[in-house]
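Here are my notes for your first look at this one. Have the sequence and the 3D view open while you read.

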Amino acid sequence: MAIDIAADRQTDGVRRRRRAVRLSVRDRIAVAVMVGVPLVVVGGLIWFPTFASVALSFTSWDGIGGLGTIKWVGTENYQQIAEIYPPFWPAFRHNLIWLGFLALIATPFGLLLAYQLDKRIRGTRVYQSIFFLPVVLSLAIIGFIWQLVYSPDQGLINNVIGRTSQSGHLIDWLGDSSINLWAVLVAAGWRHAGYIMILYLAGLKSIDPSLREAAAIDGAGEWHAFRTVIFPALRPINIVVVVITVIEALRAFDIVYIVNRGRNGLELLSILVTDNIIGEASRIGYGSALGAILLVISIVPIVVFVWNSFEEKNVRVFRFTGRRT
Amino acid sequence: MSEPRPPSPDPAGAGNNALTRRGLLYSGAAGVAAVYGLKSTSGSAAVRRLTRSAAGTVTVGSNYSDAIPKKAFAATLKKFTQTSGVSVKLNSVDHNTFQEQINSYLQGQPQDVFTWFAGYRMQFFAQRNLLTPIDDVWEKLKPQFSPALQAASKGLDGKYYFVPLYNYPWAVFYRPSLFKEKGYTVPKTWDQFIALAKKMKADGNPMVFTDKDGWPAMGTFDYINMRTNGYDFHVRLMAGKEAWDGAKVKAVFDHWRELLPHYNDGILGKTWQEGGTDLQNKKGGMYVLGSFVGIQFTDKAAHDELTFFAFPQINPKWGQDSVEAPIDGFLMSKKAKNVDEAKKLMGFLGTATAAETYLATDPNDVATNKRASTKKYNALQKKAQKLIGGAKHISQFMDRDTRPDFASTVMIPALQQFINKPDDVASLVKNIEKQKKAIFGQ
Amino acid sequence: MTSATVAASRRRAVRRRRVHLPRVGLHVFLIATAVVWLAPILWAVFTSLRPYADTNEHGYVSFPHSLSFTNYKNAWIQGDIGTHFVNSIIITLPAIALVLLFAASVAFVVSRLSFWFNVPMLIFFMAANLLPQQVILTPLYRMYLEIPLPTWMSDSGLMYDSYIGLIAINVAFQTGFCTFVLSNYMKTIPSTLNEAARVDGAGIVRQFFGIILPLCKPALAALATLEFTWIYNDFLWAIVLMSTGDKRPITSSITNLQGVYFTDTNLISAAAVMIALPTIVVFALLQKQFVSGLTLGASKG
């Protein structure tokens, strides 16, 4: 028996190897090119700079002059950022608030819209298009459009509610640091909700209708059915939505940059990086340290996403490679 | 980043919008590259850069991007070509962008000559070996400029790098007709100034103050500092040689706090353009800004009567001896390819003719060349020239007098923080001092 | 009919009657939300159609005394919008082509052939797509300043400030997502198809271009739509890596109009509408592809 099994395994191995060997030289070259070129592009333009950025975060450099002018300073940049850089902790807080808003308000609203639109009432397509429209707009354009709405003297809101500087009691939506983050978040959420809505619409469509029938026949209310049956069935989409929400919160940059370059209540980690790197400031090491902090925070959702994708992917891959012809 | 000129895009010929369908999945790299080659050699109406220019050409990088200065500069360059025969290739970039990207610009492929400002900012680049010294060009220019301007054109090593074209004063701008209407008088001392601001606020046309862009507030800080502590202290403070958390700087903020309640509402939500419009529409009574505020005045009558008074005195020891008058001009990059032509251009740009040609189209500034004719000056220019000419000391504006990273990453947020929380000065200046040590200490 | 079904149908009838009011409420909710949703965009369009003199006199929230396209004309000229549109095309279309080519190539290898590095490679590509752009900013733009390119490829002589540079970074950044989606999609293509071709003697290249790629057309179309929107809408790469104003694509050139010396809101609105138009048109025409592209990526195949 043992010999047979051994022989079997051997045949298995030989068969597998033979399949691999069946690639001709020309094919090997093809594979090398097909994989190699994208690898070099992505590796060289994304991964290499990422590691270089982390390395630079331990240096002090003004970006002028060659690499020889780089000075090693250890963790000094990080110390300064944490202790004496006034915008840092506010920026950190703002990113958290951004995340909270997207996660607790914008995303659930998107889910709500998806759920309602899934009921296939009249005009679903129109509603879907309307709610999704902001998603195709650039965040920079969104920043512009909402400035037209929020402008203190010429904007839509203030003129409608009569709170311009002429009438007194001005509400400075974008200039008042106690409310401008929320004003901007409304604009960001406006876009985010549409994105989430589409994802959930697809997810809801793929839920087995008999599941819903069962929940409905139960007699319990809509909310109960949703909570106990539908929402759990959306698990694969939920994970994607969570990751997307977190990534969007960390990536927030364009809207805030357009409004006021990210100052006075609109500081964000991404803005701080560009402040120190682009522009005349040119504090490369410092900016890289801020970028490294952003990277570390981003790794968590990235790992979650990748892990989740490959839990099933692994199975599929093995299923595939394990096939016998 | 100081914006003496508002940025505005280039009026140029429109391109065509050829949205093709996505069918290029298999386009070859050669075809793709050819498009770039094509795009590179076809020019849009205004602009293109060459790395190698034909002999007798000089390349110029300019941030005079809004309509009037752009036109004026184009006229000046045309005059140069007419008189010297050297042709000019101009690359005009939006104002803010040019300044923000200056570091990478200078290390990349800069033009031979480019627009910039005097002050530490310029000396910083000279020190980093990014500029070509032009002592030979200055041989002919020296007698045409005052000693102050000569000093402003030198780097820290004593060599000449900069050629000035014009400068303009920061002062308190107002419309005399409003003053007449409401019975205001021009204040000479700080107390009179505060009283006037108070009255303006009560009358519904408060003193204008806008700091959404972050840099306009620096003008007020500079003036209060020079009036309170003197020009020398100001220069040393900018150079990082004085403490920010000392009594002297605290005094500056204390004075400023007196003024804050009388400003308009919504300070941090307004741009200087909106402030200028308020001044024109008599919604604002007076405005501490540079003379470029005149560009916002589209009403001719209003523009004609626009005038200013010098920032009031605080400490009689200093009086009103210092004027903040940034100088705009030109530098030659180290990587200049057409050195002789570039030097010819620099030499021309420093002459009275160049200044006169420029100011003929853009009358919001004052020539720096002693010999430039002032016959065509309007009332505002004449007054500005008198103010600058009579100044004992001239400062350049905070973000040109100090390190750019200090000005943009530390001072802009710090001043905005002061505006939001004027009572919390102690911790504010302590933090500025800590950051200053971290930056200057390098 | 059994009593159970009778009861069920009675319950259904009751539910149907009871459901009218909530349905009306739902419609009201949706209509109200839709109106609020569209308000900012409609406001921008409305403002863009009003001449500056009109709004100067009557304010912005007022009935228009005249409507015209002057703002569009002025914005087009002052913002040099035509040139910037062309720049956007020059950058976006090749980038889409390259992204799809790269993504399809990698997806093909990963889904059809069994190599040990398949999974690590997918991770390599996917994670690259999720990084915040600021993280790689500095070394990237330093690199771009150092890499020389022949003049016929880039008139600046460097990768910095060149179309190729912008295309390259957009390609690198977007490849991950498309690889992921395409590899999922390709898995659903039965392997018997290319096995047959292989037995016939077709090499990898022939299998790829001849069989698999044509079968992926729906996914490719969907991704192309998405990528067009994302690359067209890119803001950061363009402002960082392209210093010549004239070569910038349209979305990043909006900063040109900020601070035009009028704070001309009407002008800016017109420009914003023009800039948004291509993505809206693509969306309107290809909405199905758009949505399927997103959901292909979200659900797992």
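1. Chain A has a mean pLDDT of 81, with 87% of its residues at 70 or more. Among the elements of that chain, helix 4 (residues 88–117) of chain A has the highest mean, 93, while helix 1 (residues 2–21) of chain A has the lowest, 39.

2. Which stretches of chain A have a pLDDT below 50? One is residues 1–21, which has zero contacts in the model beyond near neighbours in sequence. Another is residues 313–325, where the model shows five contacts beyond near neighbours in sequence. Where pLDDT is low, the predicted coordinates should not be read in detail.

3. Now to where chains A and C touch. Here 75 residues of chain A are in contact with 73 residues of chain C. On the chain A side, several helices each supply at least two residues, including helix 5 (124–136), helix 8 (180–205), helix 11 (235–251) and helix 14 (284–321) of chain A. Helix 2 of chain A gives the most, with 18 residues. By type, the side of chain A that touches chain C divides into 51 nonpolar, 18 polar and six charged residues.

4. Chain A also touches chain B: 27 residues of chain A are in contact with 30 residues of chain B. Helix 3 (76–84) and helix 13 of chain A each supply at least two residues of the chain A side. The side of chain A that touches chain B is made up of nine nonpolar, twelve polar and six charged residues. Helix 13 of chain A is also among the helices that each supply at least two residues to the side touching chain C.

5. How far apart are its end C-alpha atoms? They are 16 Å apart, which agrees with the 16 Å that the twelve residues (139–150) should span at 1.5 Å a residue. Twelve of the twelve residues are buried, so helix 6 of chain A is largely enclosed by the rest of the structure. Among the buried residues are A:Phe144, A:Trp146 and A:Tyr150, along with A:Gly143 and A:Gln147. Helix 6 also supplies at least two residues of the side of chain A that touches chain C.

6. Chain C has 14 helices and zero strands. Of its 301 residues, 59% count as buried. Looking at contacts in chain C between residues at least 6 apart in sequence, 71% join residues at least 24 apart.

7. C:Asp161 has a positive phi, near 65 degrees, in a residue other than glycine. You'll find C:Asp161 in the loop between helix 7 (137–146) and helix 8 (163–187) of chain C. Is C:Asp161 buried or exposed? It counts as buried, because it has 25 C-beta neighbours inside 10 Å.

8. The other is B:Lys282, which is not a glycine either but has a positive phi of about 60 degrees. B:Lys282 sits in the loop between helix 13 (272–280) and strand 6 (286–290) of chain B. With 15 C-beta neighbours inside 10 Å, B:Lys282 counts as partly exposed.

Technical notes:
Residues numbered from 1 in each chain as written. Chains lettered and ligands numbered in written order. Predicted model: local features only at pLDDT ≥ 70, side-chain atom pairs only at ≥ 80, totals over all residues. Helix = DSSP H or I, 4+ residues; strand = E, 2+ residues; numbered from the N terminus. Expected span 1.5 Å × (residues − 1). Buried ≥ 20, exposed ≤ 12 C-beta atoms within 10 Å, placed from the backbone. Contact = placed C-beta atoms within 7 Å. Nonpolar A, V, L, I, M, F, W, Y, C, P; charged D, E, K, R; others polar. pLDDT = per-residue confidence, 0-100.
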